[in-house]
Amino acid sequence: MSWVHLMIVLPLLFAVFIPLLYKAFPRIHTGWFVLVVPVLIFGYLATYLPMLANGGTAIYEIPWIPYLDINFTVFVDGLGLIFALIISGIGALVVIYSIYYLSKAREALHNFYVYLMMFMGAMLGVVLSDNMIVLYLFWELTSISSFLLIAYWYQRKQSRFGAQKAMLITVLGGFAMLASIIMIHNITGTFSIREVIAQSDLLVQHDLFLPAMLLLLLGAFTKSAQFPFHIWLPDAMEAPTPISAYLHSATMVKAGIYLVARFTPAFGGTPEWFWIVTFVGLFTLIWGSLNAVKQRDLKALLAFSTISQLGLIMSLLGMGSAALYFNPGDQGVQLHAYAVLAAVFHLINHSTFKGSLFMVVGIVDHETGTRDMRKLGGLMTIMPVSFTLAVIGSLSMAGLPPFNGFISKEMFFTGTLSAASLDIFNMSTYGAIIPVVAWIASVFTFIYSIILVYKTFLGKYQPERLEKKAHEAPLGMLIPPSILGFLVLAIFFFPNVVGDYALKPMVASIIPSAAGVFDDYAISWWHGFEPELFMTMAVVAVGLILFATLNRWIGLYNHMPQWMHLNNWFKHGLSGMERGSHKVIDWHMTGYIRDYLMYIFITIILIVGGSYFLLTDFTLYTENLASISLFEIVLALVLLGSTVLVMATRSRLTAVVSVGVLGYVVALFFIILRAPDLALTQLAIETVSVALYLLCFYHLPKLKGRSEEEGEKFKIGNFIVALGIGSLVTLLALSVNGYNLFEPISVYYGDSYDLAGAANMVNAILADFRGFDTFLEIVVVAIAGLGVYALVRLRLEKRGGTDESQ
Amino acid sequence: MFDLILLISLLLISFAILVALYRVYKGPSMPDRIIALDSIGINLIALIAVFSIYMRSTAYLEAILLLGILAFIGTIAFSKFIERGVAIERKHD
Amino acid sequence: MEILMSILIGVLVTAGTYLVMSRSLLRIILGTAVIGHGALLLLLTTAGLKEGAPPITNIEALSYADPLPQALILTAIVINFATTGFFLVLAYRAYKELGTDDMDKLRGIDDE
Amino acid sequence: MNNIIILLLLIPLLTGVLLIFLRNRISAQRWLSILSLLAVGVIAAIIIQRVLNEGTMTLNLGGWEPPYGIVLVADMFAMLLVFTTVIVGICCLLYGFRTIGEERERYYFYTFIQFLLVGVMGSFLTGDLFNLFVFFEVMLLSSYVLIALGGKKVQLRESIKYVLVNIVSSMMFLIAIAYLYGMLGTLNFAHMAIRVSEAGQDGLLTTVAIFLMLVFSLKAALLMYFWLPGSYGAPPMAIAALFAALLTKVGIYSIFRVFSVVFPHQPEITHQLLAWLGILTMIIGAIGAVAHWSLRKILAYNVVVAVGFMIAGFAVFTTTAIAGSVFYLIHDMFVKALLFLLGGVMIGLTGTDKLREMSGMIRNHASLGWMFFIAALALAGVPPLSGFIGKLLVLQGAIGEGFYIIAAVGLITSLMVLYSVIKIFINGFWGENQLTVEDEKMSTKGTLLPSAILTVIVIGMGLGAEFVNVYIMEAAEVINNPSLYIDAVMPNGE
Amino acid sequence: MKVNDVILQTVTKIVVFIIFTFAFYLFFAGHHDTGGGFIGGLMAASALVLLYLSYDIDTISKAIPINYRTLIGVGVSVSMLTGLGSILLGFPFLSHTFEYVDFPFFGEIELATSVLFEFGVLFTVVGGTLTIILSISEDV
Amino acid sequence: MNESMIEIIVSILVLIGVALALISAFGLIRLPDVYTRSHAATKSATLGVLVTIIGAFLFFGLSEGVYSVRLILGIVFVFLTAPVAGHLICRAAYRSGVSLAEESVQDDLEPILGSEEERRAHNKERHHRSS
């Protein structure tokens with residue numbers, strides 16, 4: 001147990017007390033109590049920063065299931081710690097923000113904060129765990145808490161839908177990841193990520209490498225909303241805005257990024273990893289930015305922009321993984337690790353500007369009652385602070401100076417250019433695509449950033465279309481985005497503070513071979529007139545032109561073919577699955593017991609018959625058989641006759657009597673076969689049974705014979721199945737009769753007189769050797785007796801009542 | 001010789017049972033069937049008696065009385081059932 | 001004898017299986033009884049039909065029939081009886097309550 | 001001599017009989033039935049500890065040496081299941097107190113429950129094939145009565161199907177016993193195992209073994225699950241929960257037992273077959289669970305999915321996978337009982353089992369909702385709940401042995417299962433609240449206690465997996481190493 | 001249409017005794033010969049059924065005031081208690097013992113605990129069978 | 001008594017019994033209505049079985065020295081019950097309105113119990129009421 005463990009568990013533990021606090025202090029907004037937690041965690045974790053800057057790491061372990069090599073191990077290194085700081089830092093801001101956003105009077109605050117704390121703990125767990133199973137545990141917990149938070153307003157149908165969608169997709173990824181973890185474990189024999197990384201060579205050479213990698217990436221891509229799994233993120237915007245800001249832009253969606261970064265040392269350096277991560281990222285980048293432009297809901301726009309930005313970071317990680325291909329010290333390492341540096345830098349920057357943008361949008365929503373850009377406009381004068389913050393955020397997103405987004409965007413271009421020049425992984429042929437795609441995506445990023453500011457704060461003010469009278473938000477709501485806005489600027493001007501304390505340790509974790517290469521490197525926003533700068537200028541120029549002509553070409557989106565709306569795929573897929581399943585079920589679960597029996601018999605015939613024919617060769621054994629006398633043949637004929645009669649007769653009585661006769665003949669067979677006890681019992685039982693049949697069935701309608709139209713026709717299908725079962729039984733019986741390897745144990749009972757004091761062996765077995773069977777047999781009789789009594793006497797149907805069985 | 005006689009007897013009794021079965025099947029009325037059943041029961045007794053002689057075994061003698069009892073009770077139950085619709089009455093009328 | 005018995009058992013099982021798949025409840029119950037007879041006879045048959053005396057040591061004999069299957073069958077007979085009895089009454093009650101003994105009318109697909 | 005083992009069966013039997021005499025004293029019936037189960041639970045715990053320390057215990061009933069008499073075998077696997085059975089039984093009883101109604105109680109409800117548990121526990125404990133049949137019958141007959149007890153229309157209709165299928169399967173069981181006795185001349189599992197390995201498991205024996213497998217499959221709802229959804233929907237939930245938790249498990253247990261001890265020699269045939277049966281069962285169960293909008297049906301099909309998963313796990317036949325299966329088996333008993341009991345409360349409150357007619361229950365019944373949520377997650381195998389470890393181990397085994405299809409199907413069906421139960425949660429608990437407290441058809445008073453107990457267990461089994469694992473591994477060891485079992489039963493060999 | 005059952009009832013009175021005797025014979029014979037608790041129980045039950053057939057439920061219930069459901073319980077408990085006895089004496093459950101005792105007049109008689117066990121079987125069978133038969137008869 | 005003597009006596013008894021059984025079977029087929037058939041079934045068959053059982057009794061008594069009480073009881077029992085059973089069936093038949101054979105000359109009970117149709121109707125009503 002260490003303090004770091006405590007930090008992870010603290011939010012979870014605290015969650016237990018939230019409902020109590022909520023009840024105990026109805027006057028104080030519960031958020032104030034909650035605020036303590038992230039602040040504490042941030043404060044404590046920040047003390048590890050110096051250690052990181054010196055290149056150190058820390059490990060603490062609590063045994064959980066050591067038997068299965070599952071331990072709660074936390075591993076503090078650059079990657080994990082910076083993520084944890086983002087989580088707790090932005091967490092604190094979000095809590096402050098939520099205190100003003102969520103009304104104390106109307107909302108179920110305890111639920112909200114419980115989920116939030118659950119999420120925070122889970123997220124910290126994800127980024128700090130070293131054990132993959134524990135990582136998976138927290139991973140699923142983030143999906144679950146996100147599910148709960150999205151559906152915080154569970155009365156809304158859209159919220160429920162969004163929550164379900166998010167959960168299904170992320171849990172699908174989680175399961176894939178679990179499979180991958182298990183494969184990795186089977187290859188390396190460990191659940192510890194550090195040890196897996198140490199055995200990277202083994203992993204990469206194994207047959208299961210590709211499936212394990214794909215499944216792992218599936219987990220990461222679903223969580224980080226990469227194409228085509230991004231569809232859950234726009235629907236997740238049904239969550240309260242603080243949640244969107246926190247989970248769906250700053251933290252949870254970055255868990256996938258984290259995962260890719262974390263496993264880069266293990267899987268990276270292979271062409272498959274490079275290609276998949278890079279191109280899925282790039283495609284997501286462009287897909288997201290293209291779609292963001294057409295959105296009319298502010299949050300939807302932000303959602304697609306988040307998707308796009310996540311794609312950007314993902315692709316950078318992919319490009320950077322090429323560094324692992326080279327040996328430490330090669331020039332390629334630094335060249336390509338630069339992309340990773342850009343990735344983590346943009347990751348941090350994205351958290352700041354996107355967080356503040358979400359909060360601003362939340363403010364707009366909160367104060368005007370709508371997020372629809374068609375209704376908004378001209379809020380600049382009414383909400384000046386918000387406007388300023390929005391401008392800072394948007395321009396940073398668009399990649400303009402003097403904001404931190406500019407630096408990381410420039411680094412992104414550098415990364416794409418260096419990736420394009422790569423001469424491994426077949427990049428020489430396709431590499432040129434990368435910078436082109438990146439540039440186009442940046443243009444659209446620029447456009448939607450402008451749209452965001454312009455449509456909301458500039459243009460015409462339309463008070464009549466707003467639900468509320470707009471005014472500036474309270475101070476408390478403005479503080480968190482202001483802090484983030486301040487950071488956006490601060491990072492631009494002092495990038496190396498972040499660089500030394502955060503980025504370099506992170507890169508060291510992701511590309512261990514690049515541990516020292518950036519030591520002397522300083523990030524700066526000015527590199528001179530390099531291609532990157534021209535690319536940016538072109539982005540601005542083209543972007544402005546396109547924005548000015550927006551109304552001319554925005555209609556193009558309406559011509560998007562239906563199949564490209566992936567949302568429909570999900571919807572139709574889900575309902576299709578349900579309908580298809582229903583069809584399958586309806587088709588065979590007919591409710592007719594006859595059908596069920598038919599399936600059962602056919603299964604038996606196929607499987608047992610099949611194995612009989614495949615596994616045994618039939619021979620008819622004729623040795624050591626008991627003799628047959630004429631008399632027995634006559635009995636057999638009687639038996640046959642009465643059997644046929646049971647099947648053939650249309651009279652119920654005849655059927656019953658025939659069965660009775662059958663029973664008697666069986667008793668006679670028992671006599672012939674030297675079983676007097678059986679014969680007696682069989683005779684008695686048969687008589688009672690026949691009497692019972694008649695007693696019960698005297699009043700039933702006439703048994704329909706086969707000659708009647710609707711009656712029981714002779715069903716040839718049924719008969720064939722029945723014949724199949726019968727023949728199977730006979731065949732097996734014949735084979736079994738020839739199988740005489742062992743002496744039956746019953747020889748022992750020959751001494752029953754001496755052993756049990758009974759001359760009748762059967763009785764000795766019944767009462768003594770296997771007395772327990774007999775004892776249970778009378779229990780069965782007892783149950784049947786009481787059961788019949790209860791069945792006849794107890795009739796709840798007439799009474800109606802509130803039995804939950806109906 | 002003795003065994004042959006017994007065997008033939010067994011066959012003949014079986015035949016008698018078959019004949020009675022025909023009556024059970026044919027009917028036409030319920031009482032006809034019951035009579036046939038009763039005679040099957042009785043023939044069965046004879047069958048078992050002969051069989052135990054044939055087997056030289058007294059192990060089956062219980063079956064004789066048992067069958068007698070069952071046949072009797074069965075017949076009574078059936079006849080009451082036909083006559084009154086119930087075999088066991090709640091209260092005599 | 002074993003071969004004869006095996007075939008008879010096959011016939012019984014066939015008939016029982018066929019009956020079990022009929023529409024009328026009574027025939028179904030009779031079907032279970034018929035299969036039951038088959039199963040019991042099978043138990044006796046597979047154990048080997050010895051030409052010995054009944055398994056009672058009072059009877060002097062060189063060999064006895066295998067007593068164990070007999071004991072098992074006895075138990076099984078009783079259990080079958082109890083089950084059949086219950087099933088019958090269940091069918092009877094169902095008939096009275098639901099007004100039919102036709103299994104096709106007892107589907108009970110009451111879905112959404 | 002370990003007479004303590006028989007107490008596990010005798011106490012409920014005695015109680016069941018005693019309750020016949022106390023027919024009209026309902027509170028006495030309740031107390032006695034709970035006390036009896038508590039006592040059995042304590043005894044089971046004692047035995048488990050002893051088995052852990054001293055190894056498998058056996059009791060030769062009547063003092064007859066196996067294979068001549070009947071032997072009860074308390075190995076770790078059986079005892080864990082017995083212990084679980086008792087706990088599930090207690091919870092269902094507690095729920096029954098509130099919901100089952102005085103009429104049923106007067107008509108020997110508790111007696112039947114006790115006998116049912118005897119049948120279930122006996123099936124776990126017995127070391128004799130025919131005795132297993134008899135215990136099956138004790139269990140089945142009790143279940144017949146319980147499913148029909150009350151005589152409502154649905155109950156009668158569905159119980160006929162249930163009874164019929166089970167009678168047919170009992171007949172098949174008898175036929176299988178006939179073959180096995182005919183071939184091996186013995187009934188004791190251990191003795192059968194000795195003889196099978198002596199003779200070598202040839203084609204005929206394997207065929208007969210497969211016949212037996214199908215008999216058990218029918219009871220376990222493995223592939224032949226057709227009877228299950230309807231019949232689990234008919235009786236009151238206290239009974240349905242007990243069924244869902246216990247009945248199919250007996251079939252599964254039997255498959256585990258027979259195909260590890262007696263017929264382990266041809267895994268490429270028998271276990272391969274089991275694997276495919278398991279896979280098909282998972283798929284079809286998941287399809288059923290997804291298809292329905294009726295609470296009872298969804299839960300019932302979930303029973304089927306779990307059966308497939310456990311069997312598939314067993315079919316992998318490595319220590320890891322078997323341990324996973326055993327873990328999952330125990331987890332499933334708890335979680336199915338929990339889900340059915342919670343479902344019972346939901347149905348009780350709303351008076352319907354149609355999801356489309358439910359809504360917003362979390363407003364007034366938060367604890368109910370959260371317990372359901374936890375149960376749903378446990379069912380899907382989300383860590384750190386009880387379903388996870390079992391799933392993990394099974395997948396580990398499956399992937400390790402190259403059974404990728406099992407792993408893939410297992411995971412995909414888990415997702416479908418999650419979808420189906422979350423559907424219940426979303427529709428039943430979220431949305432506008434339609435019911436005021438007055439509208440509700442049943443009070444939740446006292447009905448949540450058993451669910452709470454089970455929830456704690458479900459969470460505890462996951463978090464405390466290390467503690468549980470000691471026992472699970474021991475159980476898996478016994479299954480994987482049949483000679484342990486055989487030596488315990490017949491220390492002197494044949 | 002008054003029904004006269006005098007003939008039947010008269011014969012029944014005699015026959016029932018024969019059946020009962022036979023039932024007890026079968027019961028005790030079971031140890032060494034064909035018979036046993038189960039078949040004995042069935043015979044005893046059939047004697048009772050005969051009584052119910054010839055008379056009616058009310059009359060017989062008055063004459064033989066047995067609650068058959070209780071009888072089931074008694075039967076199962078008797079069997080169980082014989083088993084419990086062996087536990088108390090430190091033998092495995094359901095261990096039986098037998099002894100040959102020389103009684104004056106009767107000669108050597110075997111006393112076996114399994115007979116006690118079989119008594120339980122007999123009671124249960126009588127109780128169970130009659131519960132079933134009477135439940136149905138009363139309902140029809 | 002020597003073996004063959006016993007065997008001869010027993011054979012004769014058994015054969016008589018079997019003959020009677022066959023005759024009654026013949027009657028069961030050939031006779032025209034319930035009442036006459038019952039005549040064949042209950043009387044001659046009973047006699048047949050009694051003779052056969054006595055044969056068995058003698059066989060075991062004389063050749064093996066086992067005088068079986070069960071057989072005596074059996075004889076007594078069949079002797080006692082067979083007529084009652086026959087009586088009850090015939091009564092049931094008559095009361096439920098089974099018709100006499102066409103050859104029948106006289107029906108003494110008709111004035112007391114009503115005509116066939118009346119009895120049948122009555123019987124039907126009775127069944128109806130009791131169900």
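Which elements each supply at least two residues of the lining of the second largest pocket? They are α7 (157-188), α11 (232-236), α14 (271-294), α15 (298-320) and α25 (566-588) of chain A, together with α17 (404-429) of chain D. Helices are DSSP runs (H or I, at least four residues), numbered from the N terminus. The model is predicted; local features need pLDDT of at least 70, side-chain atom pairs count only at pLDDT 80 or more, and totals for chains, interfaces and linings use all residues. Residues are numbered from 1 along each chain, chains are lettered from A in the order written, and side-chain values use heavy atoms, without hydrogens or water.

A pocket is an open set of points on a 1 Å grid over the protein atoms alone, where a 1.4 Å probe fits, with protein on both sides within 12 Å along at least five of seven lines; lining residues have an atom within 4 Å of a point. The second largest pocket has a volume of about 1200 Å³, the space filled by probe spheres set on the points. Its lining holds 44 residues, with A:Q158, A:F161, A:K165, A:D235 and A:K571 nearest the centre. α25(A) gives the largest share, seven residues.

Chain D contributes 135 residues to the contact (heavy atoms within 4.5 Å) and chain A 104. Two salt bridges cross this interface (a side-chain nitrogen of Lys or Arg within 4 Å of a carboxyl oxygen of Asp or Glu). D:K423 pairs with A:E578 in a salt bridge, with the closest N and O atoms 3.3 Å apart.
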